[in-house]
Amino acid sequence: MRPDLFPGSKPPRAKPRVMMHFTDIGTGMGGELIATFECRKCGHESGWLICQNNTDVKRGEPCPKCNADSPQEASDA
């Protein structure tokens, strides 16, 4: 193993985001895809959110309560 030429040059890894998982999915009045999400860690429930496609629904949404102090969350907005 080679020694690190620049010790301390690697930035620390970001903490993983806590994601909410979908609990219900449907179609809105205008035909758009809508879903509700719930956090398995804190129990936060979202209202109906408009999603672009099924992949966005399966990916989930970041929990606003669990990720409140995350700087990554502010950059996603």
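Two residues are said to be in contact when their heavy atoms lie within 4.5 Å. The structure here is a predicted model, so local features are taken at pLDDT of at least 70 and side-chain atom pairs at pLDDT 80 or more, while totals for chains, interfaces and linings use all residues. Residues are numbered from 1 along each chain as its sequence is written, and side-chain values rest on heavy atoms, with hydrogens and water left out.

To start with the overall layout, the protein chain has two helices and four strands. Both kinds of element are DSSP runs numbered from the N terminus, with helices being H or I runs of at least four residues and strands being E runs of at least two. Read from the N terminus, the order is β-β-β-α-β-α. Of the 77 residues, 22% count as buried; buried stands for under 20% relative accessible area, exposed for over 50%, and partly exposed for anything in between (1.4 Å probe, protein chains only). The chain exposes about 6,400 Å², and carbon and sulfur atoms supply 54% of that area. Those areas come from the Shrake-Rupley method with a 1.4 Å probe, and for residues only the protein chains shown count as cover. As for contacts between residues at least 6 apart in sequence, 35% join residues at least 24 apart.

The four strands make up an open sheet in the order β3-β2-β1-β4, with antiparallel pairing. β3 and β4 (61-62) are its edge strands, each pairing on one side only. Strands count as paired if DSSP finds at least two bridges between them. Seven bridges hold β1 and β2 in antiparallel pairing, and T27 stands opposite L33 of β2. These two strands form a hairpin with five residues between them, and G31 in the turn has a positive phi of about 90°. On one side of the sheet, β2 and β3 pair in the antiparallel sense over three bridges, with A35 opposite L49 of β3. Strand β1 (residues 19-27) also pairs with β4, again antiparallel, over two bridges; here M19 has P62 as its bridge partner in β4.

The largest nonpolar core has nine residues, namely V18, M20, L33, A35, F37, C39, C51, V57 and C63. Such a core is a set of buried Ala, Val, Leu, Ile, Met, Phe, Trp, Tyr and Cys residues joined through side-chain atoms within 4.5 Å. Strand β2 gives the largest share of this core, four residues.

T36 is found in strand β2, and it is called buried because its relative accessibility is 12%. Setting aside neighbours within four places in sequence, T36 is in contact with H21, F22, T23, D24, S46, G47 and W48. With T23 there is also a side-chain to side-chain polar contact at 2.8 Å. A polar contact is a pair of N or O atoms within 3.5 Å; within protein, one must be able to donate a hydrogen and the other to accept it, and residues adjacent in sequence count only if both atoms are side-chain atoms.

S46, one of the partners of T36, sits in the loop between β2 (33-39) and β3 (49-51). Despite its place in a loop, S46 counts as buried, because its relative accessible area is 16%. Beyond four places in sequence, S46 is in contact with M20, T36 and F37. The C-alpha atoms of S46 and P64 are separated by 9.5 Å, with the two residues 18 apart along the chain.

Finally, the charged groups. Side chains of opposite charge can pair when their charged atoms come close. A search of the whole structure turns up one salt bridge, the term meaning a side-chain nitrogen of Lys or Arg within 4 Å of a carboxyl oxygen of Asp or Glu. The pair is R59 and D56, whose side chains meet at 3.0 Å, N to O. Both residues lie in helix α1 (residues 54-59), three residues apart, about one turn of the helix. D56 counts as partly exposed, because its relative accessibility is 21%.
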